[in-house]
Amino acid sequence: MKFALRLIAVLAAITAVILFTTQGTKENDPLISPVPNTAMPGEGAPSPGQDSVSRPENGLSVFVGETTEKLTREFGRPDRIEPSMYGYEWWVFSRSADTYMMAGVQNGTVNQVYAAGQDLDVSPFSIGEPMEEIYRYTIIEPEVSVEIGTNRYLFSLNGDDLEERLLVAFDGVYAQVYADREEGEVMAVRYLSPRVLVLHQPYEMTYEGHLIATEPLSSAVQIAADRAAEQQVMELTNVFRQRHELLPLQADGSAAVIARERASDAARGSRTEEGIGPLSDQLKLAGIDYGEAGENIAADYVDSAATVHGWVNSPEHRELIFNRKYNRQAAGVSNKVYSHLFLNRKEPAGSSE
């Protein structure tokens, strides 16, 4: 009888170990940007309206087009300065989730400001504001025209764009209002210059004249930009988790190696599931013990902010971002292909960054 009890206890212990180390993984289908990112020459793109809406006198929009000196007088030096895939630098202000923002800087001039922190002034909008209020007081057009010199660019917004990421034209600056569709509220706001809007091509676009394009990056700069995007994905995930009263996820350095491999594999596999092996196999080969694991993959979004926004508005991807059972995360980026891993691990769980 005692032997049988001991045998049962041993088997129970083995079962517990197996369950902890091999418990299921959830691998969502890749989320591909709905924007083709292939601007087409157009005919007769209308000129911008003569009665443009005045730019707000207060808030983050006033910094677009100004020197970095004005930005640092207001917010101090950024916590990081890192490259982007578009030739400008990202100035990242990450010291607090409530004031998290990134400013695009090129040649000493601010060309955009992306704000995710709910305490930031993004007038005339506000983070967390119901979208129905935005629709009530904002002039929203399904087509927005941009004129730079003799060149004209026409952006066309579809139904999802109008519900998830509005484009609002002000005098000399444009606003992208990112919505959390499930919550029905403003998730983040980006103010950007006309040139950067055309450079990003975040909506379907036709043009007359010259198409603004990014110069190819060196391999070293591309890798640095990818690493920067990885950090931004994880930071933004924690910003939005905190807004939902969830604990932040700790970065897991050992899992980051796998995330980068999977992003690279996905990029080589025509940006689909082809060429990506099971996540559980890679975690096992790396000797990473976990209780639960999941992965979000995305491709062809403008940048890390747009990618996380896309995931939040996709139910199956959103479920991983706002799942209470995870305590670790890792991100890998390979030239606009993203892998974001979520894990539940015992503490301490390998190396962390």
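**Arg-165**

I looked up Arg-165 and found it in strand E10. I note that this is a predicted model. Is Arg-165 buried or exposed? Its relative accessible area is 12%, so I put Arg-165 down as buried, the cut-off being under 20%. I then listed what Arg-165 touches, leaving out residues up to four places away in sequence. The list holds Pro-34, Val-35, Leu-157, Asp-160, Val-177, Tyr-178, Pro-202, Tyr-203 and His-309.

**Asp-180**

I went on to Asp-180, which sits in strand E11, residues 173-180. Asp-180 has a relative accessible area of 4% and is therefore buried. Which residues is Asp-180 in contact with, leaving aside neighbours within four places in sequence? I wrote down Glu-185, Met-187, His-244, Val-312, Asn-313 and Arg-318. I also checked His-309, a residue that Arg-165 touches.

**Helices H6 and H9**

I turned to helix H6, residues 219-243, and helix H9, residues 304-312. Two packed helices are described by the angle between their axes and the distance between the axes. For H6 and H9 I have an angle of about 45° and axes 9 Å apart. That angle makes H6 oblique to H9. The crossing of H6 past H9 is right-handed.

Which residues meet where H6 packs on H9? From H6 I noted Ala-229, Gln-232, Val-233, Leu-236 and Phe-240. From H9 I noted Ser-304, Ala-305, Val-308 and Trp-311. Sorted by kind, the residues of this contact come to seven nonpolar, two polar and no charged.

**Aromatic pairs**

How many aromatic pairs does the structure hold? I found nine. A pair of aromatic rings is described by the distance of the centres and the angle of the planes.

I took Phe-125 and Phe-170 from the set; their rings are 6.2 Å centre to centre with 65° between the planes, and the pair is edge-to-face. Phe-125 is in the loop between strand E7 (109-115) and helix H3 (131-137), and Phe-170 is in strand E10 (residues 165-170), so the pair ties together parts 45 residues apart in sequence. Phe-125 counts as buried because its relative accessibility is 4%. Phe-170 counts as buried too, at 8% relative accessibility. I note that Arg-165 also lies in strand E10.

I then took Tyr-326 and Phe-342, a tilted pair with 5.7 Å centre to centre and 40° between the planes. Tyr-326 lies in the loop between helix H10 (315-321) and strand E16 (328-333), while Phe-342 lies in strand E17 (residues 337-344), so this pair ties together parts 16 residues apart in sequence. Tyr-326 counts as buried at 4% relative accessibility, and Phe-342 is buried with a relative accessible area of 0%.

I also recorded one aromatic cluster, formed by Phe-63, Phe-75 and Phe-93.

**Whole chain**

Last, I looked up the totals. The protein chain has ten helices and 17 strands. Of its 353 residues, 49% count as buried. Among contacts in the chain with a separation of 6 or more, 66% come from residues 24 or more positions apart.

Technical notes
Residues numbered from 1 in each chain as written. Predicted model: local features only at pLDDT ≥ 70, side-chain atom pairs only at ≥ 80, totals over all residues. Heavy atoms only, no water. Axes fitted to C-alpha atoms, helices over the stretch in contact; angles between N-to-C directions. Helix = DSSP H or I, 4+ residues; strand = E, 2+ residues; numbered from the N terminus. Parallel < 35°, antiparallel > 145°, perpendicular 65-115°, else oblique. Left-handed = near helix turned anticlockwise from the far one by under 90°. Contact = heavy atoms within 4.5 Å. Nonpolar A, V, L, I, M, F, W, Y, C, P; charged D, E, K, R; others polar. Phe/Tyr/Trp six-rings, centres within 6.5 Å; stacked < 30°, edge-to-face > 60°. Buried < 20%, exposed > 50% of the residue type's maximum accessible area, 1.4 Å probe, protein only.
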